[in-house]
Amino acid sequence: MATASESLDTKGKSFAGHPIGLSTLFFTEMWERFSYYGIRPLLVLFMSAAIMDGGFGFEREQASAIVGIYAACVYLASLPGGWIADRLLGLQKAILYGAICISAGHISIGISAFLGGKVTFFLGLVLIVIGTGLLKPNISAIVGDLYPEGGSRRDAGFSIFYMGINLGALLGQTITGFLGEKIGWHWGFGAAGVAMLLGLFVFATKRKSTLGSIGAEPTRHPDPQVQARTEKIIKISIAVFVVLLALVFILASTGIITINAEAVAQSMTYILVGVVVLYFLYIFTLGSIETPLTVDEKKRILVIAILFMAAAVFWSAFEQAPTSLNLFAKDFTQREVFGFEIPATWFQSINPLLIILLAPVFAYIWTWLGQRNMDLSSPAKFALGLFFAAIGFLFMIFAANEVLASNGQMKVSMLWLVASYFFQTVGELCLSPVGLSSMTKLSPRRFVGQMMGIWFLAAAVGNLIAGLVGGHVDPEKLDQMPTLFTYTTLSLLIATAVLAALIIPIRRMMKDVDV
């Protein structure tokens, strides 16, 4: 029987030589990433801005911690979001409901300037987290389902899809950054909301004609009673979560309880790290009782644990972009060119622009090395990623010391930030694409889904740490900046050295596995 994608292809409909459904997913994801990355760099600037300047007047440490919690929760929400789609809604409905939630979140943030203030603002962030959890993992899953044959055509399809992600990020941070900083914060937030409404419109109007039955139904158990029991558990879980979330939100909004963002971020970091440690212990012991892990499988899981720690260190540095580096651009960077002051948030666009330009270059490099039997292992690529990120933050040490030497009176060249983002992006291209691939290659088949979750947890932990340290860029506490960037650089270099030292032992340990 022909798949939905094949039947659509035979009607002559295609998108750059790919199934027509890819166009719907491409533009939905592009507008969603426009909205997500569009508001992300504005958040810390808006929340830390003085009330007279239209902001909330939060301390920078608190504002940065909130951004870290928000980003971490986006990653964490992907885990239940995928589960709900697989077992209850189906991929298409999960994406649709997710897009509706995200749109409602942006509308809530947009009206916070006129109604509700902080209450509607934070309600908007909560709705965006929930919606992204439903949309993000499932839209990627449908991209894969468009290519039941797999192979290089699927890889090419994902390359086009990821181009949409970075195009959305580039446009979002450029447009919302200009509007938010030059005209008014809520103009920037509003532009992100309009983008998400466009994404919702694209998916709602095009999904049936371009995706057909792909992802329309959840995975159902052959036994109706088991299926009904599973659906009941999911619905009860959702109801309990919504009630608890609403209760906490109401108590916080009415001032009955006070939430300390920094304390919450610290607690979440400890909890997530503890969960990961316990999970790996479980896998090595109780988790393998029914089907014992082989010696090779235990070795693979050990490698995954090592890569998890390396990834968490990388993201804790890389995700300082919307916090510490964003604040550095605003306060300490000379941004005037021919009489025009570049918005601080525009520096956030350097990364997606470089991804678009350099991704084909790196694809060629990896292919060229592979053809000559010189392909680097996953740990080697991870080590390179960490090393290049360290170089990026090394530049920031010099820049911060220049500011400190002038007692904050001198603004430094924007080339410091450009160089930092360049090397961080090179690091990302070495590490990030390899991560998910490594999880799938190394995981025992019965644990693949769970190992995907572990990869998301690494990003969540990294975002939390980045949020906790990101507020240490402050005109009133200049001595914190060189210390922050020095510690970040050292942590990356130490992780690089440890991973580099393990490359050969891991290669010997995994001699029969392509890592």
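## Burial and glutamine 320

Buried means under 20% relative accessible area, exposed means over 50%, and partly exposed lies in between, using a 1.4 Å probe and protein chains only. Glutamine 320 counts as buried because its relative accessibility is 1%. This is a predicted model, in which local features need pLDDT of at least 70 and side-chain atom pairs count only at pLDDT 80 or more, while totals for chains, interfaces and linings use all residues. Residues are numbered from 1 along each chain as its sequence is written, and side-chain values use heavy atoms, with hydrogens and water left out.

Glutamine 320 sits in the loop between α10 (295–318) and α11 (321–332). Helices here are DSSP runs of H or I with at least four residues, strands are runs of E with at least two, and both are numbered from the N terminus. Contact means heavy atoms within 4.5 Å. Setting aside residues up to four places away in sequence, glutamine 320 touches Leu325, Asn326, Phe393, Ala466, Val469, Leu484, Phe485 and Thr488.

## The nonpolar core

A nonpolar core is a set of buried Ala, Val, Leu, Ile, Met, Phe, Trp, Tyr and Cys residues joined through side-chain atoms within 4.5 Å. The largest one holds 147 residues. Met47, Phe328 and Phe485 touch the most other members. In soluble globular proteins, nonpolar side chains tend to be buried together.

Isoleucine 160 belongs to helix α6 (residues 151–183). Its relative accessibility is 22%, so isoleucine 160 counts as partly exposed. Beyond residues up to four places away, isoleucine 160 touches Phe15, Ala16, His18, Leu22 and Phe26. Serine 23 is 137 residues from isoleucine 160 in sequence, yet their C-alpha atoms are 9.5 Å apart.

Serine 349 lies in the loop between β4 (340–341) and α12 (350–371). Serine 349 counts as buried because its relative accessibility is 5%.

Helix α13 (residues 378–405) has 28 residues. From first C-alpha to last, α13 reaches 41 Å, close to the 40 Å expected at 1.5 Å a residue. The expected span is 1.5 Å times one less than the number of residues. After α13 comes asparagine 407, with a positive phi near 55°.

Leucine 429 is in helix α14 (residues 415–442). Leucine 429 is buried, at 8% relative accessible area. Not counting residues up to four places away, leucine 429 touches Ile355, Leu358, Ala359, Phe362 and Trp366. Leucine 384 is 45 residues away along the chain, with a C-alpha separation of 9.7 Å.

## Aromatic rings and charges

Rings of Phe, Tyr and Trp (its six-membered ring) pair if their centres lie within 6.5 Å; planes under 30 degrees apart count as stacked, over 60 as edge-to-face and the rest as tilted. The whole structure has 35 aromatic pairs. Phenylalanine 58 and phenylalanine 122 form a stacked pair, 6.4 Å centre to centre with 10° between the planes. This pair links distant parts of the chain, 64 residues apart: phenylalanine 58 is in the loop between α2 (21–48) and α3 (60–89), and phenylalanine 122 is in helix α5 (residues 118–145). Phenylalanine 58 is buried at 14%, and phenylalanine 122 is partly exposed at 23%. The rings of phenylalanine 340 and tryptophan 346 are tilted because their planes meet at 45°, with centres 5.9 Å apart. Phe46, Phe56, Phe58, Phe121, Phe122, Trp185 and Phe189 form one aromatic cluster.

A charge sits over a ring if NZ of Lys or CZ of Arg is within 6 Å of the ring centre and within 35 degrees of the ring normal. The charged end of lysine 182 sits over the ring of phenylalanine 340, 5.3 Å from its centre. Lysine 381 places its charged end over the ring of tryptophan 366, 4.5 Å from the centre.

## Cysteines

A disulfide is a pair of cysteine sulfur atoms within 2.5 Å. The count by this rule is zero. For cysteine 101, the nearest cysteine sulfur is that of cysteine 73, 15 Å away. Cysteine 101 is partly exposed at 21%, whereas cysteine 430 is buried at 2%.
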